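Work through the exercises below with the sequence and the model side by side. Each task is followed by a solution in steps.

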Amino acid sequence: MAIIAPSLLASNFLKMEEESKMLNESEADWFHLDIMDGHFVPNISFGPMIVAFFRKATSKPCDVHLMIEHPGNYAQQFKNAGADHLSVHIEACPHLHRNIQQIQSLGMKAGVAINPHTPVASLTDVLHEIDIVCMMSVNPGFGGQHFIPHTMEKIKQLRKMIDERGLKVLIEIDGGVTLENASIIMAAGADVLVAGNTVFNSADPKATIAELKSL
Ligand code: DX5
Ligand code: ZN
């Protein structure tokens with residue numbers, strides 16, 4: 001059964017309280033919060049202040065995806081805001097191991113996010129240290145994009161690498177997840193499905209979450 005992590009990026013920010021209530025009542029497992037700095041990715045979203053508001057609105061884990069440069073400078077702020085999981089991009093971290101240690105020493109689960117062009121093999125020497133791999137299935141920066149088909153191959157490779165080594169790392173797929181492709185993504189070996197537009201632009205978001213959950 002998939003862990004479902006709706007991405008609040010696609011929610012209506014005029015109705016943060018209602019959207020949070022809907023997710024709380026739904027079968028969603030995590031709140032996925034996308035942080036963009038206008039440098040690592042071309043878009044700007046929101047920062048720790050908004051994460052803190054969502055933290056107050058739910059008891060579900062807050063899964064914070066940092067699409068920012070120098071994430072180490074902000075890890076403490078996101079911890080203070082109530083992040084439970086903090087994912088950093090491998091492409092933004094020349095000292096990735098240090099970032100992972102910092103996140104874990106702050107008491108958060110550590111995730112490493114990889115862009116579509118970044119090989120799964122680049123995770124080889126950190127895989128045993130981390131809790132989550134956030135595999136981007138679109139180029140990060142925007143919601144509502146199409147799933148990049150080659151991701152399927154990368155999921156299978158990563159599943160094999162994790163299983164062969166007997167690790168418990170979760171594979172989280174982020175971008176372009178729909179009701180149509182969710183089951184093949186799961187069959188390839190994913191554990192967590194992030195879904196923004198599929199959830200928040202559906203006529204009945206709770207039912208959509210339940211459908212994703214039932215796959
Ligand atoms: C993209 C973000 C995603 C995004 C997913 O940069 O990391 O989490 O919100 O949105 P959808 O599900 O609409 O592709
Ligand atoms: Zn994300």
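Two strands pair if DSSP finds at least two bridges between them. Helices (H or I, at least four residues) and strands (E, at least two) are DSSP runs, numbered from the N terminus. This is a predicted model, in which local features need pLDDT of at least 70, side-chain atom pairs count only at pLDDT 80 or more, and totals for chains, interfaces and linings use all residues. Residues are numbered from 1 along each chain as its sequence is written, and side-chain values use heavy atoms, with hydrogens and water left out.

**Exercise 1. Describe the sheet and the pairing of strand 5, strand 6 and strand 7.**

Step 1. Eight strands make up an open sheet with parallel pairing, in the order 1-8-7-6-5-4-3-2. Strand 1 (3-6) and strand 2 (31-36) are the edge strands, each pairing on one side only. From one strand to the next, the twist averages 25°.

Step 2. Strand 5 (residues 109-114) runs parallel to strand 6 (residues 132-136), and four bridges join them. Ile114 has Met135 of strand 6 as its bridge partner.

Step 3. Five bridges link strand 6 and strand 7, again in the parallel sense. Here Val133 is opposite Ile171 of strand 7. In strand 7, four of the five residues are buried (under 20% relative accessible area; exposed is over 50%, partly exposed in between, with a 1.4 Å probe and protein chains only).

**Exercise 2. Find which strands helix 4 and helix 5 lie on.**

Step 1. Helix 4 (residues 96-105) lies across strand 4 (85-89) and strand 5, at about 145° to strand 5. Axes are lines fitted to C-alpha atoms, for helices over the stretch in contact, and angles run from 0 to 180 degrees between N-to-C directions.

Step 2. Helix 5 (residues 151-164) packs on the sheet and touches strand 5, strand 6 and strand 7 (170-174). Its direction makes about 165° with that of strand 6. Contact means heavy atoms within 4.5 Å.

**Exercise 3. Compare how helix 1 meets helix 2 and helix 8.**

Step 1. Two packed helices are described by the angle between their axes and the distance between the axes.

Step 2. The axes of helix 1 (residues 16-25) and helix 2 (residues 48-57) come within 10 Å, crossing at roughly 50°. Helix 1 is therefore oblique to helix 2 (angles under 35 degrees count as roughly parallel, over 145 as roughly antiparallel, 65 to 115 as roughly perpendicular and the rest as oblique). Met16, Ser20 and Asn24 of helix 1 meet Ile50, Phe53, Phe54 and Ala57 of helix 2. By class, this contact of helix 1 with helix 2 has five nonpolar, two polar and no charged residues (Ala, Val, Leu, Ile, Met, Phe, Trp, Tyr, Cys and Pro count as nonpolar, Asp, Glu, Lys and Arg as charged, and the others, Gly among them, as polar).

Step 3. For helix 1 and helix 8 (residues 205-213), the axes come within 9 Å and cross at roughly 35°. Met22, Leu23 and Glu25 of helix 1 make the contact with Pro205, Lys206 and Ile209 of helix 8. Its residues divide into four nonpolar, no polar and two charged.

**Exercise 4. Are Ser7 and His70 buried or exposed?**

Step 1. Ser7 sits in the loop between strand 1 and helix 1. With a relative accessible area of 5%, Ser7 is buried. Not counting residues up to four places away in sequence, Ser7 touches His32, Asp34, Val194, Ala195, Gly196 and Phe200.

Step 2. His70 is in the loop between strand 3 (62-67) and helix 3 (75-81). His70 counts as exposed, at 54% relative accessibility. Although His70 is not a glycine, its phi is positive, about 50°.

Conventions: Chains lettered and ligands numbered in written order.
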